[in-house]
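Here is a short tour of a predicted two-chain model, written for someone who likes to see the cut-offs next to the counts. Have the viewer open and follow along.

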There are 2 protein chains.
Amino acid sequence: MSHTERLTRYVAEFVDEMAANGIENVVISPGSRSTPLAMTFVEHEQLKEWIVIDERSAAFFALGLAKKTKKPVALLCSSGTATANYFPAIVEAKQSRVPLIVLTADRPHELRDVGAPQAIDQIKMYGNYVKWFHEMALPEDSEMMLDYVRSKAAQAIDMATEGNPGPVQLNFPFREPLVPDFTIDDMWGKKRNPDKYGFSKGEKVLAPYELQRVLEKLAGKKNGLIVCGPQTDIKLASAIFALAKAWGIPVLADPLSQLRSGKHDKTYIIETYDAFLRDQAIRDMLDADFIIRFGAMPVSKPYLFYLKEQKNTLHFVVEAEEGYREPTGKRTHFISADPATFCEQLARTEMQMDVSWLRKWVTMNEIAEKHLQQHNKDEITEGSAVYSLVESLLHDSTLFTGNSMAVRDVDSFLLQTDKQMEVLANRGANGIDGVVSTAAGAAASGNPVTLLIGDLSFFHDMNGLLAVKHYQLNVTVLLINNNGGGIFSFLPQASEGKYFEALFGTPLNIDFKHAVKLYGGDYCLVENETALQEALAKAQQQTGLSVVEVRTDRTQNAAWHQKIWDAINQEIKAHRW
Amino acid sequence: MSHTERLTRYVAEFVDEMAANGIENVVISPGSRSTPLAMTFVEHEQLKEWIVIDERSAAFFALGLAKKTKKPVALLCSSGTATANYFPAIVEAKQSRVPLIVLTADRPHELRDVGAPQAIDQIKMYGNYVKWFHEMALPEDSEMMLDYVRSKAAQAIDMATEGNPGPVQLNFPFREPLVPDFTIDDMWGKKRNPDKYGFSKGEKVLAPYELQRVLEKLAGKKNGLIVCGPQTDIKLASAIFALAKAWGIPVLADPLSQLRSGKHDKTYIIETYDAFLRDQAIRDMLDADFIIRFGAMPVSKPYLFYLKEQKNTLHFVVEAEEGYREPTGKRTHFISADPATFCEQLARTEMQMDVSWLRKWVTMNEIAEKHLQQHNKDEITEGSAVYSLVESLLHDSTLFTGNSMAVRDVDSFLLQTDKQMEVLANRGANGIDGVVSTAAGAAASGNPVTLLIGDLSFFHDMNGLLAVKHYQLNVTVLLINNNGGGIFSFLPQASEGKYFEALFGTPLNIDFKHAVKLYGGDYCLVENETALQEALAKAQQQTGLSVVEVRTDRTQNAAWHQKIWDAINQEIKAHRW
């Protein structure tokens, strides 16, 4: 039995089992050591491969594709520093709970720790950031080892998707020659091995007595809140709406909660709290008896202040699996159960919120909405740009938002709408890195993606645009260019004149038009809202890259935001309560 | 004592001790959590800061600066995925033995594992790739803790530079508010603490009886070789020349050995072995009794084949510290001693090589040199482009070469020359990533840098060009654009038609002119050698970015190389020996 036949059968059965267990997409970065897996992935008809050259970008691309399709995606690269470039996206995948199957090709044992080229120590190289690591055996094709390689493919996918999803790594040592032979018979070994592995997963449900403990705490409480942070579980939205209706309880909906948009009844949805919770006096008007939070912490910092100040509030955080996402250090009752099922359990219980409590939140929300919608069509601001973006967003498309200022502006200006959209972002570690590639990966699902992003974050990951060009993905970029780190103008560092521009402002002073040209995209610079809306509408209709740039001033922008917040809070405080 | 004063004194004494222990350059990526260190580095007058936005690029920039200056460089970034972007350069620094002081800002303990923004587990996050990790205490300003923070600054630098140099990580938890106060008196604490820490390092020298063991093995041997792989120890070159002269022994000099160029006597230097060792019959003519290697394995693959075939050869590998860089698996006698001192010890011993042995190598080298210099001035090939590059290289400047094809072409076409130059590359893990940034970092030393690089590697790290623009560094790029992965045309994968272009050829199909515009550089596309030499001469005279592009064809290129090698080997075999 030749080396090449052993190699081919071993790799083919692995790849076939990946496909059998639900892998549809594989993101491959070119390299030599990974040749056996790369060629076999291409050869397997059920798998679609995406070739992305920069491994940092490739890993974020896979992250975006997995995030959007809600299915695990496989990643493959060669040995050496290529693997280290995956690290940022692996960290984000772990923290935002996205399943990735990371396949790293490696030198065989005799070429390790002897100064061989492209050989680095890849054993457990991602530390705690992968849920599971396994060093694969060298290719063999005994019955036992072909069962082994299939079982490891199935196990990797199960490990990545069970509990809180996340990344796993399999490290494959390969000896030369590396080119497989696809002419051998029964290569996929299906006849021998009809769907060998299967997994059935249960969901966590609170037992009646556990539920009782929660309900006893809630008994008689009149001023309750549901808070929904970033989450993508589709069935959760309707369960939360049902609960809100049953209890008459306000729901604070993060922009990434998927609750602000869609055709459902939004009577109880409060989406402008970030604006009015900035005011101490207003926060004091809103003492809550209890808060039940679903999903991660909301993006809003004012909400964080509000929560910290709530002294006599019962605080519940619901996690589908384990998790301790409570950064305020507040005493918290963690509920580890399927969120939708838990909502249904609660909805079956009689509870009635104080009507004036609900009215207070709804009225404040209406006042804030009114101000946030006001803007002058002839000028353009970072806020009004986001407002226009939502207005002109294609029905049933994806809004991908960058971190830092972008997601905060979406929080402020994505008001409740009947338009169907999914809002995504990298909120695991909130990095400004890899955002373009993640958005491109989301677009690889076939759904048009509009990306809202600032200039620093866009610069950081321009390599992600190559895949948009190469695969002609439908990606529209709204580039908010304030020539540097806009968010710092909102922080104490802003007063440090001598250091500010060098360390925090960090102006790029580059004309992104050239970058767009490089990737064969459409580019336009807009100076008023009408032009912006037209440009966005046109851009979303076409495949490939379109970049619409808006240039703003960091200092003016901070002042402009402050002005709106002041107006909102003055009117709310002037209101007769 | 206020939080801000504690923070300021703690950080100031750390920064002051870094400067006191030889840190001159700090590469900073913008962020909020790192504010105390960032502002204090800028405030300290002995330190020069470089602001590089993309952390992956920043780390390679620091690597290049440390490589060129042969001094440790500090790196600073904020918490979160920013830190993960350092990973590729940290791996390269570890394997190529370059000292980096990696400073990562972190959230304080109460904000860890609770879903706080930009908080990831940074404890030992780089695994085995840093020589040392230390989690710093929260800022305090007791006498004890100010001594502690100074000692850790000194220790970090010593750990990074002792033995085989490499990267170390200090992780700094900081609480808000983060802005230090530079108005407090005696901030640097110098009065209290005049140069507290110092280190004196010894060098490893073989004891007489250890040296005797080596000399006994060599006694009576007539056909010896010295092989010098990649290395940057300046004093080694002259020691090796002296030894070669004393023994009349041929020296195979890798392009990164720093032995091919400079005013010294090159009588014994053999630099074209990569060409003629490709031929089995020629390798058979060159049975060696012993080989003494300094530095890492040479770039040349034919040399690897040659070494593997040497059955009755004593093989010595000299490492200044510990190391096992012997990928052929050949029985090897490792000598752990200062290479220059070891050369001097050997030179004092009578040894005489067989004259015909030396003549054989020198004659083959002359034949190869003659062919490698022949080329047609009206056309241009990847080989002749490198030849022209060396011709037109500025005296006393740096040639930075990319990996993959670039370094192999330098190996083939950098013939011995009196011109002074330093040849650098990332040969730790031989990655195609981070090359532009590393070259930019080398140029930050003030020495003009000419970078030879292929299109894939250039694309991978274009973000590195921002620093070239921002600091107007003197960087000339010779971009060899064969629209994809040229090296694969030399590998077995080349015959895999169906997969080749998609998986290995991976054409980018982008016009780099736009990328150069983006960074305000000079760009020109040249089509013959005369134009190339003029363009390179002009480019090296000016600061800022200049890119000279040569477009070639991958398949033709492979054929062209083969043609030269065949001609060389035919003439050598036809020669009367």
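## Salt bridges, interface and cavities

Over all chains, the structure holds 72 salt bridges, a salt bridge being a side-chain nitrogen of Lys or Arg within 4 Å of a carboxyl oxygen of Asp or Glu. One of them pairs the side chains of Lys204(A) and Glu321(A), with 3.7 Å from N to O. Lys204(A) sits in the loop between S6 and H7 of chain A, and Glu321(A) in the loop between strand S11 (314-319) and strand S12 (333-336) of chain A, so this pair ties together parts that are 117 residues apart in sequence. Helices (H or I, at least four residues) and strands (E, at least two) are DSSP runs, numbered from the N terminus.

A word on conventions: residues are numbered from 1 along each chain as its sequence is written, while chains are lettered from A and ligands numbered from 1 in the order in which they are written. This is a predicted model, in which local features need pLDDT of at least 70, side-chain atom pairs count only at pLDDT 80 or more, and totals for chains, interfaces and linings use all residues, and side-chain values use heavy atoms, with hydrogens and water left out.

Now to the place where the chains meet. Chain A and chain B each bring 75 residues to the contact, where contact means heavy atoms within 4.5 Å. About 6400 Å² is buried between chain A and chain B, and carbon and sulfur atoms give 62% of that; buried area is the accessible area (1.4 Å probe) that two parts lose on being put together, summed over both. The rule finds two salt bridges across this interface. Asp54(A) and Arg56(B) form a salt bridge, their closest N and O atoms lying 2.8 Å apart. The elements of chain A that give two or more residues to the side touching chain B include helix H3 (55-69), helix H5 (87-96) and helix H19 (497-505). That side of chain A divides into 41 nonpolar, 18 polar and 16 charged residues.

On a 1 Å grid over the protein atoms alone, a cavity is a set of points where a 1.4 Å probe fits but cannot get out, and lining residues have an atom within 4 Å of a point. Grid points are joined across faces, edges and corners, and a volume is the space filled by probe spheres set on the points.

| Cavity | Volume | Lining residues |
|---|---|---|
| Largest | about 60 Å³ | eight nonpolar, two polar, no charged |

Among the residues lining the largest cavity are Leu518(A), Tyr519(A), Leu518(B) and Tyr519(B). The lining of the second largest cavity includes Arg56(A), Asp54(B) and Arg56(B).

Methods
Ala, Val, Leu, Ile, Met, Phe, Trp, Tyr, Cys and Pro count as nonpolar, Asp, Glu, Lys and Arg as charged, and the others, Gly among them, as polar. On a 1 Å grid over the protein atoms alone, a cavity is a set of points where a 1.4 Å probe fits but cannot get out, and a pocket is an open set with protein on both sides within 12 Å along at least five of seven lines; lining residues have an atom within 4 Å of a point.
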